[in-house]
Amino acid sequence: MSTPSPIPAAAQAATAEHCGRDLVLTEVTDRRGSAVWKAAGPEGTAALKVGRGDGVEVTAREAAALAALEVDYFVGGGVTHGAAWLLTDWLEGPSTWEVFAPVRAGGADRQHALAAAADLCSAVAVLHAAGWVHADLQPSHGIHTPDGVKLIDLAWAWRPGWDQGNNFNGGMTHLLSPELAAAIITGDKPVVVTPAADVYALAGTLWACATGTWPLDYQAAAIDPQTCTPHELRQHIATGRVPVPANLPWPELQEVLLPVLLDDPANRPTAGELGKALEALSAEDR
Ligand SMILES: Nc1ncnc2c1ncn2[C@@H]1O[C@H](COP(=O)(O)OP(=O)(O)OP(=O)(O)O)[C@@H](O)[C@H]1O
Ligand SMILES: [Mg+2]
């Protein structure tokens, strides 16, 4: 286990203020310049993220995005002595990946998974309606709470005119739409992330949750993703010629997702339309 990154005093004080003084901090992740702890105290639970090095700018931007979006789980954030911190309410509930675990295991309450998938689409649709894109949608970035899906890790959330920083590389590479991969390769900044690119990542996320594999059959394209650099992988993805895997453990769902993954961005549904298609599928299944 890695040594926990130190927590700045201002972040500790804000966490104690929010959760109560008798705090227990449990490390959740610590990678790529940012660490997340679950803070549990007598007055509440929270997620505390601390960014260092390259993570300072990224974490500060995430705090600014949450504040600008006025999400109800944002508590506070700041930059102090070479670290940036972000405090949010702890969101109780499974991630989309976790909701789909029984589906991947073969048994399954598929209705429940479809409803969750539609809820994820609704959350993305709300973000898009506010003029923003998430830009790093992944199976772990939607939390299914009793109050609906909350999107987390908005470090790269963007709207035209918003500071994107210099290090945006498209988020999770395996969920990059071909056109976004191509835009990143040019090196031009800011990288314009469209709602359509988010919808590709949304469909890819649901594909991964349902099948356990990314929506790209690297083997069929004679690509070894382990030995490729991320840049090389983006070059392959940008060609649009890496096929979608042929295995169809849930054909009805995958047939809804396939056109989203394969069509030109102009022909992709909106997040709201994708959600409606999943609801219709759920109604058919009954
Ligand atoms: N508000 C929250 N409520 C519940 N869990 C959270 C919250 N914020 C973060 N987490 C948990 O911490 C994990 C990491 O958070 P996040 O994705 O924001 O950080 P990250 O440093 O960008 O991690 P990664 O590099 O894995 O994307 C999440 O997958 C989730 O399990
Ligand atoms: Mg993350």
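Two strands are counted as paired if DSSP finds at least two bridges between them; helices (H or I, at least four residues) and strands (E, at least two) are DSSP runs numbered from the N terminus. The structure shown is a predicted model, in which local features need pLDDT of at least 70 and side-chain atom pairs count only at pLDDT 80 or more, while totals for chains, interfaces and linings use all residues. Residues are numbered from 1 along each chain as its sequence is written, chains are lettered from A and ligands numbered from 1 in the order in which they are written, and side-chain values use heavy atoms, with hydrogens and water left out.

**View 1. Strand β4 and strand β5 form an antiparallel hairpin.** Strand β4 covers residues 74–80 and strand β5 covers residues 83–89; 6 bridges join them in the antiparallel sense. One of the bridge pairs is G78 with W85, the latter in β5. The hairpin has 2 residues between the strands, and H81 takes a positive phi near 45°.

**View 2. Strand β2 pairs with β1 and with β3.** Strand β1 (residues 24–31) runs antiparallel to β2, with 7 bridges between them. D30 has A35 of β2 as its bridge partner. In the hairpin that β1 and β2 make, 2 residues lie between the strands, and R32 has a positive phi near 45°. Towards strand β3 (residues 44–52), β2 forms 8 bridges, again antiparallel. Here A39 is set opposite A46 of β3, and the hairpin of β2 and β3 has 2 residues between its strands. In a regular strand the side chains alternate between the two faces of the sheet.

**View 3. S34 lies in strand β2.** The strand spans residues 34–41, S34 among them. S34 is buried (under 20% relative accessible area; exposed is over 50%, partly exposed in between; 1.4 Å probe, protein chains only), because its relative accessibility is 17%. Contact here means heavy atoms within 4.5 Å. With residues up to four places away in sequence not counted, S34 touches T29, K49, V50, G51 and T59.

**View 4. A magnesium ion is held by H141 and D153.** Donors are N, O and S atoms within 2.8 Å of the metal (3.2 Å for Na, K and Ca); water is not among the atoms, so sites may look incomplete. The protein donors of the magnesium ion (ligand 2) are NE2 of H141 and OD of D153, 2.1 to 2.2 Å from the ion. H141 sits in the loop between α5 (110–129) and β6 (142–145), and D153 in the loop between β7 (148–151) and α6 (178–186), so the two residues tie together parts that are 12 residues apart in sequence. H141 is buried at 6% relative accessibility, whereas D153, at 22%, is partly exposed.

**View 5. Helix α6 has buried residues that line one face.** These buried residues are L180, A181 and I184. Just after α6, G187 takes a positive phi of about 85°.

**View 6. Helix α9 has a buried side and exposed residues facing away from it.** L253, Q254, V256, L257, V260 and L261 are buried. Viewed along the axis of α9, the buried residues lie within an arc of 155°, so they line one face of the helix. E255 and L262 are exposed on the face turned away from the buried side.

**View 7. T211 of helix α7 contacts Q254 among other residues.** T211 counts as buried because its relative accessibility is 15%. Leaving aside neighbours within four places in sequence, its contacts are R104, P249 and Q254. T211 and W250 are 39 residues apart in sequence, with their C-alpha atoms 7.9 Å apart.

**View 8. C121 is in no disulfide.** A disulfide is a pair of cysteine sulfur atoms within 2.5 Å, and the whole structure holds 0 of them. The cysteine sulfur nearest to that of C121 belongs to C209, 11 Å away. C121 is buried, with a relative accessible area of 0%. C19 is also buried, at 0% relative accessibility.

Definitions and conventions: The arc is that of the directions from the helix axis to the C-beta atoms.
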